[in-house]
Amino acid sequence: MLYFKFLKMHFKKLLQYRLSFFLSLLSQTIVSLVALASMYFLFDRFKVVAGWSFSQVAISYAVVYFCFSFTECFGRGFDRFAKLIQSGGLDSFYIRPRSIFHQTLCSEIEFSKMGRVVVALAVLIYACAIQPFTWGIDKVAVLIGMLLCGIVIFFSLFMLGASMCIFTIEGLEVVNVFTDGGRELCQYPLNVYPEGLAKIFTYIIPFASFNYLPMMYLFDMPGATVWGHALAPLYGMLIIIPAYFIFRWSLTKYKSTGT
Amino acid sequence: MIEVKNLSKTFKIAQKDKGFWGSVKGLFKRRYLEKRALDDVSFNIKEGEIVGYLGPNGAGKSTTIKIMCGILTPTSGDCVINGFTPWKDREKYVKDIGVVFGQRSQLWWDVPVIDSFHLLKDIYKIPTDEFKKQLDLLTEKLDLQSLLNVPLRQLSLGQKMKCELAGSLLHKPKILFLDEPTIGLDAISKLKVREFVKTINKELGITVILTTHDMNDIEALTNRIIIIGKGKLLYDGSFDQIKHKYSKHKTIDIEFEEDYQSVEIEGCQFVSKVDKKHTFKTSDENFKLTDFVERVSKKYKIYDVNVDPINLEEVISKLYEELGL
């Protein structure tokens, strides 16, 4: 498959700059550990925040971080679409007999983000181990659903951001409000925030669908239902459909840049 | 093979008012200026032709090429190449075209050239034996053997261009678009690129559309040129005819035996003077060197005369001038 050939090429490229790779891997890892540590100290003092324990918030943090970093690693081409337009790289996608979506996906893979992915995964496993809850096939399925849904949502946001770049040529900070901002915000369950904000991140950008809502089911919280909470990740994933079509549509409006 | 009919492309450019408040206003209310990058351009190109596509910067050359490659969608007009409309059947259409942009690379910067070629093999789904045959052919014709295992970033500009050319031909395209392929190259590399383009056109029958600012590219490769300016098609025909039209323009250097302060010759325009050497220009159609020397030597003592016909760069700049560009 073409994607794996590209993967191999990205790996070869990475080997050309080994030191640079290890340094960024290291810094990425440290950054995510610092974020976790600050959360730990917070809970060390307050024990419970808005009804959530440290291990529960740690799971929330780990899920969001895992999804975001994973998408940053493999969906990097969409994240940096503005650069692709400015460098003329997008022009050369148009002259290849493959879809622009496929080529953008293949165009960049940022392995150094794997440092964060690994940290997030380790935190997730550790937090699951110390969190006293009743496991079952359903809970495992919900957890996997959360991870998949998170990746799909962040990926959709990257795609929407890329679509906007077609019109603005330059990258937009507005997009980062939702991607980076969303990532920071959703590390804590949404009920710690004012209602308006929580609503935006539930219904407009469905961040709640891969952490707050399914986590209520995961921890057997009062009021948690199968249809409303356990299956929330499935609803959240639907965002990729409009995102994909908006991306496709924006490509027909591409104006290219001068040489 | 290539039919371009009434092609037009209009870009909308957002107008901004000056200053801080102008920018703020621009956020809410935008005025757009329409820029016609291409205005009703039509031409046909037959299979196996080499066509030079000329025009000053900003004339619409790149826009045309980008439309023909399927990158841009025109505002109106038609373009059928190889039976396809580029921007409609993009994925099917581009299998049969090769594109080289002189100013940007399409190969991977950090990895050996051969790896980029193998990736292209997968992108175009070229069967292994066909790929090998074509690669061998291109390696031989472009003398690439020593370059294939070197990362692109370590190659010189000329070497890079050779690799770009090879990369654009691996999938055996029927049409090759070259956008300023000799830009920035040294004299030897330019010659090699021209020779190679001529060879693939003759031996493989590839149709070539070439944009360039170097008239020597045109002189070496083709007689058919298309000139556009300000988005409009201005000329479609033979290069020789244009050269002939301007061949009456000549530069004459005369070195005299004495240091004359001013020399006046009928039918000639004085340009400059360095010591005893005076330079003139003439547009006399019936210019004959023997008559000229005889005429001048009646009044002045001539030591040496040198006549230069107008060079190609001057031909094209005169033409642009005449066309109002």
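**Exercise 1.** Is the crossing of α3(A) and α9(A) left-handed or right-handed? Describe how this pair of helices packs in the predicted model.

*Solution.* Begin with the hand: α3(A) crosses α9(A) in a right-handed sense. Next comes the geometry, since two packed helices are described by the angle between their axes and the distance between the axes. For α3(A) and α9(A) the angle is about 45°, and the axes lie 8 Å apart. Angles under 35 degrees count as roughly parallel and those from 65 to 115 as roughly perpendicular, and α3(A) and α9(A) are therefore oblique to each other.

Now list the residues that make the contact. From α3(A) come V63(A), V64(A), F66(A), C67(A), F68(A), F70(A) and T71(A). From α9(A) come M146(A), L147(A), G150(A), I151(A), F154(A), F155(A) and F158(A). Sorted by class, this contact of α3(A) with α9(A) holds 12 nonpolar and 2 polar residues, with no charged ones.

**Exercise 2.** Work out how α2(A) and α3(A) are oriented, and say which residues join them.

*Solution.* Locate the helices first: α2 covers residues 18–46 of chain A, and α3 covers residues 54–74 of chain A. Their packing angle is about 160°, with 10 Å between the axes. An angle over 145 degrees counts as roughly antiparallel, so that is how α2(A) and α3(A) run relative to each other. The crossing of α2(A) past α3(A) is right-handed.

On the α2(A) side, the contact uses S32(A), L36(A), M39(A), Y40(A) and F43(A). On the α3(A) side, F54(A), V57(A), Y61(A) and Y65(A) take part. The class count for α2(A) with α3(A) is 8 nonpolar, 1 polar and no charged residues.

**Exercise 3.** Which of the two chains is as compact as a globular protein of its length, and which is more spread out?

*Solution.* Take chain A first, which has 15 helices and 2 strands. Its radius of gyration is 19 Å, close to the 18 Å that the globule rule gives for 259 residues, so chain A is as compact as a globular protein of that length. Along the principal axes, the C-alpha trace of chain A spans about 60 × 40 × 35 Å.

Turn to chain B, with 11 helices and 13 strands. Here the radius of gyration is 25 Å, well over the 20 Å from the globule rule for 325 residues, so chain B is more spread out than a compact globule. The C-alpha trace of chain B spans about 75 × 60 × 40 Å along its principal axes.

Then look at how chain B is divided: domain 1 takes 44–244 and domain 2 takes 248–309. The centres of these two domains of chain B are 44 Å apart.

**Exercise 4.** Describe the side of chain A that touches chain B.

*Solution.* Count first: 20 residues of chain A are in contact with 24 residues of chain B. The elements of chain A giving two or more residues to this side are α1 (2–16) and α6 (89–94). The largest share, 6 residues, comes from α1(A). Finally, classify: this side of chain A has 5 nonpolar, 8 polar and 7 charged residues.

Key:
Residues are numbered from 1 along each chain as its sequence is written. Chains are lettered from A and ligands numbered from 1 in the order in which they are written. This is a predicted model: local features need pLDDT of at least 70, side-chain atom pairs count only at pLDDT 80 or more; totals for chains, interfaces and linings use all residues. Axes are lines fitted to C-alpha atoms, for helices over the stretch in contact, and angles run from 0 to 180 degrees between N-to-C directions. Helices (H or I, at least four residues) and strands (E, at least two) are DSSP runs, numbered from the N terminus. A crossing is left-handed if the near helix is turned anticlockwise from the far one by less than a right angle, and right-handed if clockwise. Two residues are in contact if their C-beta atoms, placed from the backbone, lie within 7 Å. Ala, Val, Leu, Ile, Met, Phe, Trp, Tyr, Cys and Pro count as nonpolar, Asp, Glu, Lys and Arg as charged, and the others, Gly among them, as polar. Domain bounds come from an automatic or database domain assignment. The radius of gyration is taken over C-alpha atoms; the globule rule is 2.2 Å times the number of residues to the power 0.38.
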